[in-house]
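Please read it alongside the sequence and the model shown here.

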Amino acid sequence: MVTRRDFLATSGVVVAGIWVPDWAEAFQTAGPGSAAARAEAAEAALARATALGASYADIRISRYRRESIATRERQVQNVSRSTSYGLGLRVLVDGAWGFAATNTVEPGAARAAAEQAVAIARANAALATRKVVLANADRVVTTWTSAFKRDPFEVPLDTKIGFLMKLNETAMGVAGVSFVSSQVLFVDEQKFFASTEGSRITQRLVRTYPQFSTTAADRSSGDFQTRAVVDRAKLLGYEYVEEYPWLQDAEKAGHEVVEKLKSRPVASGRYDIVVDPSQLFLAIHESVGHSTELDRALGWEANMAGTSFVKPGDAGKLKFGSKIVNLVGDRTQPGGLATTGYDDEGVKSERWHIVRDGLFVDWQTTRELAPLVGQQTSHGCLHSDSWSSVPFPRMPNVSLEPAATEVPLDQLFSEIKRGLFIEGRGVSSIDQQRYNFQFGGAVIREIRDGKLGAMVKDAAYQSRTPDFWASCDGIGGPATYRLWGTSADGKGEPGQTNAVSHGCPPARFRNITVLNTAAL
Amino acid sequence: MLTRDAALKICDTVLAHARSAGAEDAMVSLQNGIESHARFADNSITTSGRAEDLDITITVWVGGRRGAITGNDPSPDALKRISEEAVQIARVSPVHREYVPTLGPLEYPVARGFAAATADVDLAARAAALQAALTACRTAKVTGAGFHTARATATAAATANGNRRYFQTSQADMSVTARSADGTGSGYYAGDHFDLARLDAKQIAEQAVGKAVRSREPKAIEPGVYPVILEPQAVSDLMGFLNNALDARTADEGRSAFSGKDGKTRIGEPMFHPKINLYSDPMHAEMPAMPSTNEGIPATRLSLVKGGVLENFTYSRYWAQQKKVPPTPGPVNYIMESADAPVSIDEMIKATPRGLLISRFWYVRLVDPRTIVLTGLTRDGLWWIDKGRISHPVRNLRFNQSVLAMLAPWNVEAIGAPQRLSPFMVPALKLGSFTFTSISDAI
């Protein structure tokens, strides 16, 4: 077992200063963006906050680099790069939070931010009926970098443009495809975290977001259909563009949208459905991911995203789904968009069960939330989407575990007389307590007597979260497990986005209501 | 916040660097914002903060090729670096086929929507406002959650062809959700204004509290098609989808609700109730907006729907050039109002034999762009109307409804007075039918 002392000794840290890995030096070796300048600003802010009476303070000094390329058909619409650098400081005074952020990273501005944050906390302390108590956390001094083989920011622009133009050409090569749009976004997130408890953590996360959409339009009838592939982003480098068979997907999406335009509308009614990981990930996100956020259950998001049908006392008691349903929170999952080394208050990432054998067993927590359900430590779910955003509870990767033995997709179809197989993102909408949802799909095919049949259009399925997961009677095996993700999950006020993945195999759900949305 | 001179000096510096690096055309845009906010929940303050940022974007063209960089560092070195990097990107990019030369000098009116006090929130005054809201919730024994935010923004832009503009705008918002102690009732109310002094925290909280108390112990009704009255908040929750469909290019390309058959569009068709007007106006007294589009076209009043007829699409500069029409001077906001005197919600209720009164919608998504079918749910206050009176609260419902059918000549029965819900200003609507497809257990 590695002790904390061993860990600190081997993590390449010089306690007197902040060790800077090569990648950080590559961007800024001197001036206001350097690691030394960051450390100096951080120490100044924390010391000022402490001197003004803060019982706790932490600071994130972050740089976000983004590169975005957008194309349509045979032309490039936009190439842009952005950099955002700044600091955000959080302080606890008299049990109330204050926060201040500035794009000026130097000791004077950092001290001013500390003064603003303390003044905000103090002005609001009288409005607090509950004093914030934080769960214990280890003091951590380390660096962490997400796994990637090829830095996308070092790949020549024309290589990236060439990839997108080839993708468009492939899709446009399918007879009947009218429009194609494609984008790729690369994000490089570099974060330095420091707290008054002594943690000093430097992290780098690289994410790659390819996406595209095909449209078929029939100008004589005025009808059109779209097939979007938008949820494949991962915590990976440019190797994800090079190694994944994108062109096959583009050609397939071209054929699918042409078939979709000609397909017949679904007949409304009750169906057994098999949901592919490309759609099920979103159902997990909406119905499980958000309902098991403890801040929602406590009413902290009541004014925006809402509360939850899962109540604070439900852990270990609430039947969430059928016995074969196991769901885990996991911020360590390779490639997961919410995977990280440490969360935004320095808590090490981990994996834990949220639903075990159909029973709801645990929450998504932060240091502030954990004590409110009697837990000693946080599951590491604090996140801010920018140095300028207040960190708050955000969803980890929440994933459905596959069956213990291999269950191929065909086997899930084989026991269905009349059903639908649903792939890809369609419309998703769910109520503010995460009961009632409606999800569409990008491509939906009939299942007849255990066999996959023709495509149908205008279909959406509606259900109620506990009923839906209770109706789950088939889950694919390990070989069918896939990781999909959403890059812009909104929550909070002011609104913040979070990138999060959900792994799952395909799964079968019985007797689900399906609507023909064009007939309403 | 950056003054006009300071902001345009940054723009000019970046333009000069870009020209030196080889840019043949260039545009710099800058946004400097200060945002202050406070959240509360469970009748207690939760988080509160202040953030200040600066975004500088340089877009250049070299040999018809385009490159763009955004940064937030105004130091001399950084301004030079982003200019040069933008030129480097342009040099390795393919020709930008939708290039339109940047704008030359143009006259812009002074923005009306700015109040200096909104830029610098007084912490004690805000605490007092929040205390008033919390007191309203505690007194009524409901659980309150809410959000108070104030933002001031300086926006500047300059082009290589001599366009220069600078605007100050501000925006303050407050919203409150109140939930009854028994968990069966919930109410929401929001207000916004460009002047923080015009936000009445107590009144907003009291509206939310009233809805929470009146919506307790709702009864279920069968999903189906019902007459409805949509409060302005509910109308604003649907408006964005209609406005998005007004893009000329999408309609011309045959993939919008306003695309017609045989390659035509539906411009000029009486698609909506003959009393409905929809327009944009930067000088509107209640809801002024920045008097420039994002592309720099000076904004003036722009009619989109007049007397129920689809009158104008919105044209970007590129698409306008392709179609040989002027780019549209907007939209910068969306104001929907009746050509006749407005009808109050009370009068609408009295004129309803049976139907639903809807406070707001939640999680609204576009199901079918061909007819703008939306799905979503009612939230925070839904009541049954029987014989001209509110009878009882109703459990929330999911809807699937086409916006085109909703606003069709035969479906709109009355139009209220528009209410500011930025960026919209919309009225209550009384509608003959609205389609609900399932019941929600959510409160």
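**Domains and chain contact**

In this predicted model, the C-alpha centres of domain 1 and domain 2 of chain A lie 23 Å apart. Domain 1 of chain A covers residues 4-262, while domain 2 of chain A covers residues 265-516.

**Between the two domains of chain A**

- Where domain 1 of chain A touches domain 2 of chain A, the contact draws 43 residues from domain 1 and 40 residues from domain 2.
- On the side of domain 1 of chain A that touches domain 2 of chain A, the elements that give two or more residues are, among strands, S1 (56-72), S2, S3 (96-102), S5 (179-195), S6 (200-218) and S7 (223-229) of chain A, together with helix H7 (246-262) of chain A.
- Sorted by class, the residues on this side of domain 1 of chain A comprise 22 nonpolar, 10 polar and 11 charged.

**Between chain A and chain B**

- The contact between the chains involves 69 residues from chain A and 79 residues from chain B.
- Strand S2 (residues 75-93) of chain A supplies 11 residues, the largest share of the side of chain A that touches chain B.
- That side of chain A consists of 32 nonpolar, 29 polar and eight charged residues.

**Strand pairing across the chains**

- Strand S2 of chain A and strand S3 (residues 65-71) of chain B run parallel and are joined by three bridges.
- Within this pairing, Arg81(A) has Ile69(B), in S3(B), as its bridge partner.

Definitions and conventions. Residues numbered from 1 in each chain as written. Chains lettered and ligands numbered in written order. Predicted model: local features only at pLDDT ≥ 70, side-chain atom pairs only at ≥ 80, totals over all residues. Contact = placed C-beta atoms within 7 Å. Helix = DSSP H or I, 4+ residues; strand = E, 2+ residues; numbered from the N terminus. Nonpolar A, V, L, I, M, F, W, Y, C, P; charged D, E, K, R; others polar. Pairing = 2+ DSSP bridges. Domains from an automatic or database assignment.
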